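Let's walk through a protein together, one step at a time. Keep the sequence and the 3D view side by side as you read.

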Amino acid sequence: MYQPTWLNTKITGNQQPSVAIREWSAIKLFYRQHMPYARLAQKESVAVIHHVQPTLTNDTELSQQIIIAAIRVKPVGQYQLISGLLVHPDYRGQQVSTQLLKFIAPKLIVKDCFLFAHPWLISLYQQQQFIVREPSELSTLPAEITQLYHRYHSEQRPLILMQLSELNDINGLKSE
């Protein structure tokens, strides 16, 4: 089992600039390699899972952390949008995405958190208490979210709008 962490995407003068820049560069490279259409923004929160790989150099063992999974939580007005759930192909099928979703759960706001799922990922998100919002319900949802949904959804790339349900209160999620 891997240990997820929040990546610091805010590059400020209060921290080691080289560390923040290195982390930001690593996550951008990870997305560029495996999800090239993704566009990261520094205002997003990004959770990652690293795998520590031992490497040998001149008979000295060093360890190198490589990103094997990531997920983004983006503020959209007063709402949250989960996007960019990505697991490195070599680590798929190992419950890594479920581990990431459980890790970010305490930061999610019930009823105000949304995501746009590929059809084959619906059951994964339903296990984490997200519910499918039907097209007939779009007019009852926040305009900020539905506008983004219409921008990303198409016949060529069908997406399913999902919302975090109130059932998550029993799992320790905030209901604000």
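Helices (H or I, at least four residues) and strands (E, at least two) are DSSP runs, numbered from the N terminus. With that in hand, look at the element that matters for the largest pocket: strand E4 gives the most to the lining of this pocket, with 7 residues. Before going further, please note that this is a predicted model, in which local features need pLDDT of at least 70 and side-chain atom pairs count only at pLDDT 80 or more, while totals for chains, interfaces and linings use all residues. Residues are numbered from 1 along each chain as its sequence is written, and side-chain values use heavy atoms, with hydrogens and water left out.

Now for the overall plan. The protein has 4 helices and 7 strands, and along the sequence they follow the pattern β-α-β-β-β-α-β-α-β-α-β. Of its 176 residues, 41% are buried. Here buried means under 20% relative accessible area, exposed means over 50%, and partly exposed lies in between (1.4 Å probe, protein chains only).

Let's return to the pocket. On a 1 Å grid over the protein atoms alone, a pocket is an open set of points where a 1.4 Å probe fits, with protein on both sides within 12 Å along at least five of seven lines; lining residues have an atom within 4 Å of a point. Grid points are joined across faces, edges and corners, and a volume is the space filled by probe spheres set on the points. By this method, the largest pocket holds about 840 Å³ of space. It is lined by 34 residues, and the closest to its centre are Met35, Tyr37, Gly84, Leu85 and His118. The elements that give two or more residues to this lining are E3, E4, H2, E5 and H3.

What surrounds strand E4? Since 9 of the 9 residues of E4 are buried, this strand is largely enclosed by the rest of the structure. E4 also has a partner: E4 and E5 pair in the parallel sense over 3 bridges, where pairing requires that DSSP finds at least two bridges between the strands. In this pairing, Gln80 stands opposite Cys113 in E5. To get from E4 to E5, the chain passes through H2, and this β-α-β crossover is right-handed. That term means that, with the strands pointing away from the viewer, the path from the first strand over the helix to the second runs clockwise.

Helix H2 deserves a look of its own. It is largely enclosed by the rest of the structure, because 7 of its 9 residues are buried. Those buried residues are Val96, Ser97, Thr98, Gln99, Leu100, Leu101 and Ile104. Lys102 also lies in H2, but Lys102 is exposed, with a relative accessible area of 53%. The C-alpha atom of Lys102 is separated by 7.6 Å from that of Gln128, 26 residues apart along the chain.

Next, the interior. In soluble globular proteins, nonpolar side chains tend to be buried together. A nonpolar core is a set of buried Ala, Val, Leu, Ile, Met, Phe, Trp, Tyr and Cys residues joined through side-chain atoms within 4.5 Å. The largest such core has 25 residues, of which Ile71, Ile82, Ile104, Leu108, Tyr125 and Phe130 touch the most other members. Among the elements that each supply at least two residues of this core are E2 (45-57), E3 (60-76), E4 (79-87) and H2 (96-104). A second, separate core of 13 residues includes Ile27, Phe30, Tyr31 and Val48.

Charged residues come next. A salt bridge is a side-chain nitrogen of Lys or Arg within 4 Å of a carboxyl oxygen of Asp or Glu, and the whole structure has 2 of them. One joins the side chains of Arg72 and Glu44 (3.0 Å, N to O). This pair links distant parts of the chain, with Arg72 in strand E3 and Glu44 in the loop between H1 (17-34) and E2, 28 residues apart. Both Arg72 and Glu44 are buried. Another salt bridge joins Arg133 and Glu137 (3.3 Å, N to O). Here Arg133 counts as buried at 16% relative accessibility, whereas Glu137 counts as partly exposed at 26%.

Finally, a detail of the backbone. Most residues other than glycine have a negative phi. Lys111, in the loop between H2 and E5, has a positive phi near 70°.
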